[in-house]
Structure formats: C-alpha cells, structure tokens
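Reader: Could we walk through this one together, beginning with the packing and then moving on to the sheet and a few polar side chains?

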Amino acid sequence: MILNKEKNTDTKNSDLIISPKLTTSRFGEYYLASVNRKSFEVIDSRTLYNKKFKEEFEINDNLNIIIGSDSGLLIKYIMEKSIPKGSKFIFIELHEVLNLLSIEIPNKYKKTITICNENNFIKYFKKASFDIYFLKNKCTLHPSIAVSHEHIENYTHLYNKVKKIIESIISEHQISFSQQIFTKAQFENISEMIHPAKILKSILPNRTAIIIGGGPSMDEHIEWIKINRANLVILAVSRIADKLILNDIIPDFVITVDPQDISFDVNSELMKHFDKFILIFSYHACPRIVNQWQGKCMYLGNKYPWEEEGNIPTIGPTVSNSSIRIALEMGCTQILLSGVDFCYSQSGYTHVKGTLEANLGPNLGQIGEWVETNGGLKAETPIQLLYALDALQSEVALYNDVDFVNLSINAAKINGVRYCPIENIILKDTNNISNIISNIHLSENRMDVISKTINNVQNSLNKLSTLLEKINSAIELVKKMDRTEISHKELMLHSREISKIEKNIQFKFPELISLAKNYGLYEISKSLSLQDSNDWDQNTVNSMHRIYFSALKESINALIKLSSDSLERLKSRMIESEGAELSRLFPQWKNDNQPGRVLIWLKNVSNKEIKLTKSEMKLIELLKNDYKNQVNKKNLNYENKIKNSNKLESIFRKASYFIENKDISGLYYLLSCLNPVKNKNKEIRKLSTYIEAKALELENKFNLALNKILEIPINQCTEYELKLTIKLALKNSNLPIAERYLVETLKISKEFMPQYAHLLQVEGRLKESLNVYLDYLEEYPSDVPIWLKLGTFMLDLEQIESARFAFSQALIADPKNIIAIEFIEKINTHLLK
C-alpha cells in the first residue's frame, strides 16, 4: 500500500482536499500526514492497533465494517493477522483518500477483505451476501484511528451515514427474516404451553387496566399507582416487575415476548418472583425464561407453528403492544399507560431509574429519530420504538369505545391516546378486581396436555418426513431436466410431474408447506428471478426449480430436527412430572442450558417418597448453583454495548450529525443530556462548550459563539476547536485571535500555512505572507489552488514575472487548468501592450 502518484488527485468537485504528501514515521511506516497527522510517530501502528482493535478483530462470524483505512496501514494490519473463522472486513474510505493510495488485496484475502468508497458501499451491501450477518446482528462498525481523532469532518459525516444505514438494514432484516428465531423458540417452548391466555377473554369488563412499561416516566406515577392499586388491573412488562415489587406494588400479570437469549439476562430478577403473579409469555419468548419459570403462566399466540387455535395473539413489535392487546381482550375499557413513553426523556434517559440502562446514564451517542411529546416538545426515539408507536396507533383506531390514556406529558404523542395528568384520572368500575384475578383457574392437567402435545408433534413429524420424500422426488426430476441430452418430450413430462408434486403437497400438507416456506423464506427467495417470465429459457427455469426445492428441503430438514428435539423434551417433561430419577432428566436440562428445571422437579417430588443418593444430592446442589449463577450473571457484552454508545467519540459524532443537518434544537437537546454529567468529566465539559458554540454559530450569534469557544484554554484545544475559533474570529473581524489560533494549528499540520499566509496578507504583512506561501509550496508543490492564490497575490503586488512563475507551476501540476492558462495569457497580452 503506497502513495499512488499516477491516480487523478484532482479534488475540484470536492470540498475536501487531502494533501498527497507522504510521511515516513520513525518506525519506517508510510502514511498520509493530512489523514493521520502524527498518530504513528510516538507508537507504531501494530502496537496501536493491538491496543484498540485486537479483541474485536478476533471475533468469529462477524462482519467488521471499518470507516477509514489509516492510509492503508489498518488494511495491512488485518492481512498480517489470521482472519477469524466466518468473519469479513469491509473498509469504507473517502474517495479523496483512495485516489491517493494504491491498495492491492492479494487473492487469498479477496473473499474476506473488501475496500469501497462512500459512494458505492450501499450498492456493495446489496450485491454481497451479508444478509446473514445483519439478520443475526453480527455486525460491528469501527472507526479507524483517523476517524477517531475527528479532525476530518467528512470522516465523521461518513461514519454517521453508514451507522444509520446499518441500523436500518439490521432492523429491516430482523423484521423480514425473524421467522426462524420465532419458530425455534416456539418449538422449545411447546412443552410449557399448557394454559392459553384466551381464558382471560372478557373476564374484567369495563375495568381500568394500567400498562406499566420501562420508560423513564414510570417513576412519576409510582405513588399514585400504590394508592389506587386495588382499583387497577396491573399488567407490567417483564423488565419492570422487580422494581414494582421493591416498591410494594405486586402486578397481576407480567408479560414477556422477546425470543433473544439476552432477554433472560436483562430479566433475570423476574425469576425470583415466580410466586407473586401470573406470567404471560409469547409463544416465541426466551426459552430460558419460559422453561425455568416455577409459577403460574399462560401463553400468547399459537402453540403449534402449523395450527391456529384462536388464542390471544402476540402483538408486536414490543412487549408494551402485546400488553395493551391483553388488556383489551380482558374487556377493559380504560387503559392507562405509565412508562410506555415510546421515546427518551428530555434529559436523554432511555429507561426508568434502577435499570441497567438508567444506571449507565443518558443516551448520548446513539442517533435516533424525533417525535413530538404530549407536552409539545421534541424527543428522541430509536427506530424500533417508532415502529411500535405506529403499530399502537393502528391498534387504537380499532377500539373507539376504549379510553386510551398516557399519564406522562413527556411520552410520545399518539393519535387516539389522550394525555391526562394522574390527578384528573377517573377510574372505571373497580368491583372485585382482585377476587376475579385470584380465582382464575388453570384447570388443564399438565400430563394430559403433554401427552396430547406429543401425539400432535409426532403426527406432524411423520407428515414432514413424507413431505421431505416428495421434495426429494422433485429434486431428482430437476436433475433429470438438467441433462444436456434430454428431449423436449422428456422435459415436458418431468415438468408436469413436478407440477403434480407441488399440487399434491399443497393439497395434503397446506399448513406444513406454508411453515416450511416461511421458515426458509430467505433461501427460498433466491429462487425468484428478476427477469420477465417471457424471457425465461429452460436453464433459467431449471435453476429456479433447483434453488427452490433445495431450499425447501433444507427448511424441512430443519423443522424435522426441531420437531424431533421437541419430542425428546416433551418426553423428558412427562417423566419429570412422574418424578423420574435425575440421571434420566439431567442430559435434557444440560442440553437446553436450563438448570432451573431442578427446582420444578423438586416441587413435583416434594410429596413423594423419593430417597436421594449422595450423588443425586450433589447434582441438585450443582444445578441450583448453576441456576443461581445464571440469574445473578451480568451480561457484560450488553453492558459494554451501552457504554460504547456513550463514549466521547460517539457523542462527538452525534453532535456532528446535528451540525451537518443544521439541527439547532438537536444540539440543545444534546447539551441538556450532557448537563448532568459534564462536571464529572473535563473532556465532556469541553465538548459541551464546543457544541454550544456551534449552536450559537448556526443561530448567527457569532460574537456569543466566539466568547463561548474561547472558554476552552488554547493549550487544551483540539484541531476541531482551533478551526472553529479561527472561523468565528474571522467572522467577528478579530484578526489577532485568528492569528494566534492559526499559529497554534501550525503545530499540528503545515496544511494550515496557506490560511495563515492569507491572514498575514490581509494584515498587510506582505513579506511574511509571501515567505509562508513559499515555505508551504516547497512542501506541497502539487497544490494547484495555492499556486493560483500566490499568482494573484503577486499580480496584486505587480510582480509580473513572479506571478507568471506561480501560474506556470500550477500548470505543471495540472496542465489543463483553465484559470492558470487564462492568467498566463493575460500576462502575455499585458506585456505585449
């Protein structure tokens, strides 16, 4: 990777000028000083990268998207390491930088390392097969050293742009292709789906329900909820159950829907309160929660992925949406919302006090969308909550006879949901709420239900096996159609046989074939051709058939495996209920990572005369400890993810995003989020000063902006702050301050010499100005715009030959430069006259 002197370095169409000056560090490494400043002068690149990237770049099965390449040194570092299994690296570089570098990726790395510029990376994402990384959320965005140092605004804007696009892509993929995650969880939860939530339908007509979410506003209503507890049906999202109980509020129902395994970690406190409320879980809720729950529970949605049962459905995309539907199905005609904010607080907090997210501080670095609150203010929200808000608006529109009320003035405004302060709330019929709920009878016999479930799953497994045989027959027919010597008559015969198979499986197995298609949606979608059907030839048709049936086969095999595993689990649950010995149960619990099942087993055998051996007692203690560790374990990955989003560089990029979009209210919102923490951290305090100065600049309050930025001592200023001070000083015609700060920038880079020379020229210090210009051009002889500036400067001084020399140097660097040609022609014409 070297400086490419042959590539076009013309940047006339760009606001960014990157000097082609190549610097050699004292460690013998070549880099562009205009990109990396002095990053590699104190420490070599490998040592620096090991400190910053080593652990993150060694993760398997991860898509690493890196903004900037550090003059190619970061790409070299990746190639010198062993590429982790299943991982890929995409470098997105500014085209102005790529034009100056010649980067060759050896053939052995071309499948794992890619370089693209800011203009074509979106097309590349769409072309390449990265969907699985986005679907699994196994994608990490990294800033290079140059991007982290934040002295090139284009890098910061590029980082923000890519970040927003990646978040959008991940969100779209998870919505479009979440069927597999849901179906897997559904199969794992089948054994625990004993009592459908439909038994709650219409049991509490005309009552007032309150949905308590984990949003920041929940703290505002705690005391009011306590006072009115007996008159409310309380449905709480799982994240908030522990906090409510600590505040002496026992919810009637707690709802959980998230299928991700991390849901157990963030809801682990919930598991301690199994005897206090009824858990309502979605069919696709986290299996570690569902299968280790020791108390009463009901399920939402369909028990079997191939069978509709008329149960209360899971309503997405958030647990709050499902909770509201449950209250509606119970017949409640007034639904209050507390902590269901669908946005962050005005100080940037994402969750109620006491949660991990709140303890880690406000959201400072994540860039969200904007919504209007009930109080008429703007508030930030992540894209997922925006989807949830839209879904709730659609749901509310269907229930004209229900009074939907949000208790918080700081919650997002939703059509059909009115805001009302708690002191003005008039509750509905309050009779017998606690009696009705306490008398909910979960009458189904667990062993009878499990026995029926085993029969149902076994029956479907038999059908899936038959279906697989038919798909294999279709695949064999496609292979015959692929033969080069096949006749037209044979082609038509095989084509009719394939059509017959398709009609047969659609007729005999409509639910299962639909399930298989949905489960394998992504792979099956590859069989669809973008060509007009009139343009299809036989090879196209054969290819579509081959991909379609192969994907369908893979999907059915996966469903057979899930069904078989479910059968084993169901049989284990059956003997578990009968009090079977631990040695027969332990393998299943271990395989599922569910040691908490031992506590359920101990309940089942508590009234049976079972003598435990020493080894069994030891195993019980081992399982109890494993479960205790699960419940008490912190998810450091999740915690670090939140912390990383609040790092100083993330906050700076967020501020840069608002600045780029001239979003003054966004900047002041960010300042209000920083206020509580800025006095604890001098770097954040300095950044707050910079942000406020930029906001004042955007308001055209240049004098106030200058005074604000001058609060930062000059010896503490970064390049960004120095440049802003110079800009504001010039706008205020304060040349002494501009000069002082320009001199300081020259300690960082000689690139600021032309600006300094121009200032000296304005001040009338012409000889000094000329010397600075000449010193600069000795370092950067190919800088055409500065040669042109020097030429016009010489003309102003009537130094004609010096002007001719300057314009001639411009032409050497850029032979077709029209401005230089025109000036030389004018000089020649003038001399002739």
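Reader: Which residues does Leu270 touch, not counting residues up to four places away in sequence?
Author: Leu270 touches Ser238, Ala241, Val254, Phe277, Leu279, Ile289 and Trp293, once residues up to four places away in sequence are set aside, where contact means heavy atoms within 4.5 Å. This is a predicted model, in which local features need pLDDT of at least 70 and side-chain atom pairs count only at pLDDT 80 or more, while totals for chains, interfaces and linings use all residues. Residues are numbered from 1 along each chain as its sequence is written, and side-chain values use heavy atoms, with hydrogens and water left out.

Reader: How many residues are in the largest nonpolar core, and which have the most contacts inside it?
Author: The largest nonpolar core has 74 residues, and Leu270, Met271, Leu467, Phe549, Leu552, Ile556 and Leu559 are those with the most contacts inside it. Such a core is a set of buried Ala, Val, Leu, Ile, Met, Phe, Trp, Tyr and Cys residues joined through side-chain atoms within 4.5 Å, with buried meaning under 20% relative accessible area, exposed over 50% and partly exposed in between (1.4 Å probe, protein chains only).

Reader: And which helix gives the most to this core?
Author: Helix H18, residues 446-481, gives the most to this core, with 14 residues; helices here are DSSP runs of H or I with at least four residues, strands are runs of E with at least two, and both are numbered from the N terminus. Another core, of 62 residues, lies apart from it and has Ala738, Met753, Tyr756 and Tyr776 among its members.

Reader: Switching to the sheet, in what order do the eight strands come?
Author: The order is E13-E12-E11-E10-E9-E14-E17-E18, in an open sheet with parallel pairing, and two strands pair if DSSP finds at least two bridges between them.

Reader: Which strands stand at the edges?
Author: Strand E13 (297-300) and strand E18 (418-419) do, and each has a single partner strand, so one side of each is left without a neighbour in the sheet. E13 pairs with strand E12 (residues 278-282) in the parallel sense over four bridges, and the bridge partner of Phe281 in E13 is Tyr299.

Reader: Which side chain does it meet in a polar contact of 2.7 Å?
Author: That polar contact joins the side chains of Lys303 and Thr453, the term covering a pair of N or O atoms within 3.5 Å; within protein, one must be able to donate a hydrogen and the other to accept it, and residues adjacent in sequence count only if both atoms are side-chain atoms.
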